[in-house]
Amino acid sequence: MSFDTPIDRRGTHCVKWDMMEPIYGVDANDGIAMWVADMEFRPPQCVQDAVKAMHDHGVYGYFGDDSKYLAAIQWWMDTRHGWKIEPEWVFTTHGLVNGTAMCVDAFTAPGDGVVLFTPVYHAFAKVINAAGREVVECQLTNDGGRYEFDFDAYDAQMTGNERMVILCSPHNPGGRVWTKGELRAVAAFAKRHDLILVSDEIHHDLTFPGHRHTPMAHIDGIEDRLVMMTATTKTFNIAGSHSGNVIIEDPDLRRQFGARMAALGLSPNSFGLFMAEAAYSPEGAAWVDDLRAYLDGNRKAFDAGVNAIPGLASMPLEATYLAWVDFSGTGMSRDEFTQRVQQDAKIAVNHGPTFGTGGDDFLRFNFAAPRAQIDEAVARLAKAFGDLQ
């Protein structure tokens, strides 16, 4: 397929395009949607063929015998990430926001603290707060445009009321691929404070040249407190399938999680299972390799254009397709630089404060789109901030 081919998603119940005017005041007819983290690309043909086969069969009944689906997950994790898992470790949730909520529900109680390294994916705080738990923000250090941990500061913050820590790996929105040493430090922090460690690795396939993702499961000695979360949805642009995997090696944690799944009557939809099985294949792998190369080109084009605008700085990404742009150098208030992006450039973006402490001066831009759209967005930003040239 050609990633350069534009696809008109307007009027298709697409939240990214059809909701940007109600939410951001940006008209879809002449605006650019760069907020919701899905891509402007069709998934690989193997996934399309799986959906077509379901359509051709024409009966959409209950799904049974998930052995091929589980084998596909095993194959992918082993061949792409060097991580060997067993089928019985896998729970399929209604996406990973649901997976996060299920972890909070299964392993914490109302009033417990849940640690986040902020700024971080906004849905974490939403489900924690909705469940009546306390969000404990441990702010990442921005060291010259690169996020780092400060565990001395985090240790001092702990009160003993915390029961869980959620790690975003690779990091959204900063794009860090955490090193093995950093992952060991996160694991040690979890052990020191007796925390369940939930590692959301939904962006693990989308790394850039020179960076390799390490699964948290490769860190020794934390099996008894580790919950891994992965999904096909981000990698293959099938978020609407609402399918994610919570993978738990420890049998006691599995029993706890399985009990909550059973109590809530949760089970996956067949579309997501068929699509995931097709995606986790050699054909899907070849498509992902092509996708990563294309996204790398978009990243370079976006960063070069944005960083040429005085006062703007795009954080160097090691993974994801989500640029994290710092506007503090403009000297403008958050309202002013946001208005210039949304009303002058007509680009809908995610607002930094929604990602928690440390996000005030930032906006997040999704560059998983045809290159021409990225070039147009950069040109609009240059014009909107033209008085700074």
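Visitor: How many bridges join β12 to strand β15, and which way do the two run?
Guide: Five bridges link β12 with β15 (residues 362-366), and the strands run antiparallel. Strands here are DSSP runs of E with at least two residues, helices are runs of H or I with at least four, and both are numbered from the N terminus. This is a predicted model, where local features need pLDDT of at least 70 and side-chain atom pairs need 80 or more, while totals for chains, interfaces and linings use all residues. Residues are numbered from 1 along each chain as its sequence is written, and side-chain values use heavy atoms, leaving out hydrogens and water.

Visitor: OK, which residue in β15 stands opposite Ala323?
Guide: That's Phe365.

Visitor: And how does β11 pair with β12?
Guide: β11 (residues 313-314) pairs with β12 in the antiparallel sense, over two bridges. Ser314 has Val325 of β12 as its bridge partner.

Visitor: Is β12 buried or exposed?
Guide: Buried: five of the five residues in β12 (residues 322-326) are, so the strand is largely enclosed by the rest of the structure. Buried means under 20% relative accessible area, exposed means over 50%, and partly exposed is in between (1.4 Å probe, protein chains only).

Visitor: Which way do the side chains of β12 point?
Guide: Leu322, Trp324 and Asp326 point one way, Ala323 and Val325 the other, and all of them are buried.

Visitor: Which residue has a positive phi although it is not a glycine?
Guide: Asp194 is one, at about 50°. Asp194 sits in the loop between α8 and β8 (196-200) and is exposed, with 56% relative accessible area. Lys346 is another case, with a phi of about 60°. Lys346 lies in the loop between α13 (334-344) and β13 (347-348) and counts as partly exposed, at 32%.

Visitor: Last one: what lines the largest pocket?
Guide: It has 44 lining residues, of which Val36, Ala37, Asp38, Ala239 and Gly240 lie nearest its centre. The helices α5 (96-107), α6 (122-130) and α9 (233-236) each supply at least two residues of that lining. A pocket is an open set of points on a 1 Å grid over the protein atoms alone, where a 1.4 Å probe fits, with protein on both sides within 12 Å along at least five of seven lines; lining residues have an atom within 4 Å of a point.

Visitor: And what volume does the largest pocket have?
Guide: About 1000 Å³, counted as the space filled by probe spheres set on the grid points, which are joined across faces, edges and corners.

Definitions and conventions
Two strands pair if DSSP finds at least two bridges between them.
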